[in-house]
Amino acid sequence: MKVYLDAVSTTSVHPEVLDTYKKLLDKYYCNSDALYDDGVAIYDMQEKARKNIAQMLKVKKEDIIFTSGASEANSLAIKGLCLKNKDRKHLITSIYEHSSTYNAFRQMEEFGYEVTYLKPDQNGVITAEMVEEAIRKDTLLVSVMMVNNEIGSINDINEIGKTVKKHPGVYFHSDITQALGKLEIDLNNVDMASFSAHKIHGLKGSGALYRKSHIELMPIISGGQQEFSIRGGTSNALVNIVLAKTLRLSLEKMRSDEVYLNSLHKRLMDGLNDMVTINSPLGGLKSLINISTPVQSEVLLNALNNKGIMVSSKSTCGSKKNEPNRTLNSMDIDDTYAIRVSFDYTNTIEDIDYFIECLKEILKRYA
């Protein structure tokens with residue numbers, strides 16, 4: 001039996017998304033910037049997709065920049081803004097951001113920027129009050145993710161955005177990847193936001209940066225006229241086109257998924273009972289549970305893998321690096337005994353029950 005419980009890492013491709021993509025591949029191969037009819041047709045479809053995505057997010061069409069995913073979007077937002085605004089040298093982020101965000105800030109330190117790394121509270125949350133205390137006269141950017149990808153804690157980006165807006169010349173960016181399709185997202189007080197398609201049953205190598213169009217960014221990929229001259233290179237037009245369908249399907253299912261995911265969450269929590277320590281906060285994302293057990297995570301992962309169960313011990317972007325888990329360490333949790341269990345609407349009650357059964361057996365054997 002194979003059970004996939006690593007949905008925050010990536011998801012399967014929705015059948016409708018895959019079917020649409022395959023049909024497009026058969027016919028539409030021309031460059032979307034070409035001036036002949038077939039190229040113009042692809043360009044028009046891509047721009048319609050951009051418009052549809054903007055409408056779903058309640059933003060302007062020109063605010064959407066297609067990227068290869070959230071990692072690129074995070075880099076473009078952070079580095080692009082810094083390199084375009086060199087008069088302010090102070091940046092604010094959290095210690096537990098995704099590696100693409102965290103490492104972008106670390107790189108900006110090499111360019112002479114000073115970064116304040118906020119530490120989450122006991123519930124794993126970064127608050128607007130923390131941001132307010134950290135903002136200085138020379139602050140340029142605040143970047144805080146909406147949902148932490150390790151423990152599922154939820155940050156109130158609306159309140160953080162309101163706080164940032166009180167300070168002229170300071171911008172607010174949020175990685176909304178783990179929140180998209182799971183929570184209501186209000187971008188009114190957010191200047192830039194990043195997301196990926198593959199977290200919501202879309203294609204890998206697909207994503208976007210929402211950026212209020214008045215914000216100037218230095219291109220990270222130099223090139224031609226593509227993406228408002230901000231992201232060069234031949235457009236991956238077909239992938240961009242199906243991103244609109246991916247987002248629509250995800251948002252349409254969000255309400256019904258919430259009820260179902262809550263039932264899976266309850267089943268999992270009831271099954272775990274007193275076997276483990278729950279690291280995720282009570283008010284966090286229901287479909288992501290971080291736990292600690294008496295067995296080292298490497299041993300537990302291998303034992304679960306032998307049972308056909310796929311979970312992770314940390315963000316997959318850092319799974320092959322022997323580095324400490326910044327999220328857990330910031331909360332004084334020993335990451336050598338922690339694993340992350342995450343699921344979505346493709347999972348079943350039977351999946352959860354099988355995981356609990358195997359976990360009990362493994363803990364009995366190794367603990």
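What radius of gyration does the protein chain have, and what would a compact globule with 367 residues have? In this predicted model, the protein chain comes out at 21 Å, and since a compact globule of 367 residues would sit near 21 Å, the two agree. Taken along the principal axes, the C-alpha atoms fill a box of roughly 65 × 55 × 35 Å. Buried residues account for 55% of the 367 residues. As for how the chain meets itself, 73% of the contacts between residues at least 6 apart in sequence join residues at least 24 apart.

Strand 8 pairs with strand 2 (residues 64-67) in the antiparallel sense, over 4 bridges, and here T67 has G207 as its bridge partner. Strand 7 (residues 192-196) also runs antiparallel to strand 8, joined to it by 5 bridges. In that pairing A193 stands opposite Y210.

A further set of strands forms an open sheet of 3, in the order 9-10-12, with antiparallel pairing. Strand 9 (277-278) and strand 12 take the edges with a single partner strand each, so each has one side left without a neighbour in the sheet. Strand 9 is joined to strand 10 (residues 288-292) by 2 bridges, the two running antiparallel. Within this pair, T277 stands opposite S292.

Strand 12 turns up again around helix 9, as part of what covers the buried residues of that helix; strand 11 (309-310) and helix 11 (349-366) are also included in the cover. Helix 9 itself spans residues 297-306, and S297, L300, A303 and L304 are buried in it. Looking down the helix axis, these buried residues fall within an arc of 130°, so they line one face of the helix. E298 and N306, on the other side of helix 9, are exposed. Just after the helix, G308 takes a positive phi of about 85°.

Helix 11 also holds L359. This leucine has a relative accessibility of 0% and so counts as buried. Setting aside neighbours within four places in sequence, L359 is in contact with L272, M275, V276, I291 and L300. L300 is one of the buried residues of helix 9. The C-alpha atoms of L359 and G271 are separated by 9.9 Å, although the two residues lie 88 apart along the chain.

Now for the rings. The structure holds 1 aromatic pair. Its members are Y102 and Y117, with ring centres 5.5 Å apart and planes at 50°, so the pair counts as tilted. The pair links distant parts of the chain, with Y102 in helix 4 (residues 99-110) and Y117 in strand 4 (residues 114-118), 15 residues apart. Y102 is buried, its relative accessible area being 12%, whereas Y117 is partly exposed at 23%. Tyrosine rings also meet charges: the charged end of K89 sits over the ring of Y113, 4.2 Å from its centre, and the charged end of K253 sits over the ring of Y345, also 4.2 Å from the ring centre.

Finally, two loop residues have positive phi without being glycine. K58 has a phi near 60° and lies in the loop between helix 2 (37-57) and strand 2. Its relative accessible area is 73%, so K58 is exposed. N273 has a positive phi of about 45° and lies in the loop between helix 8 (237-272) and strand 9. With a relative accessible area of 55%, N273 is exposed as well.

Conventions
Residues numbered from 1 in each chain as written. Predicted model: local features only at pLDDT ≥ 70, side-chain atom pairs only at ≥ 80, totals over all residues. Heavy atoms only, no water. Phe/Tyr/Trp six-rings, centres within 6.5 Å; stacked < 30°, edge-to-face > 60°. Buried < 20%, exposed > 50% of the residue type's maximum accessible area, 1.4 Å probe, protein only. Lys NZ or Arg CZ within 6 Å of the ring centre and 35° of its normal. Pairing = 2+ DSSP bridges. Arc of directions from axis to C-beta. Contact = heavy atoms within 4.5 Å. Rg over C-alpha atoms; globule rule 2.2 N^0.38 Å.
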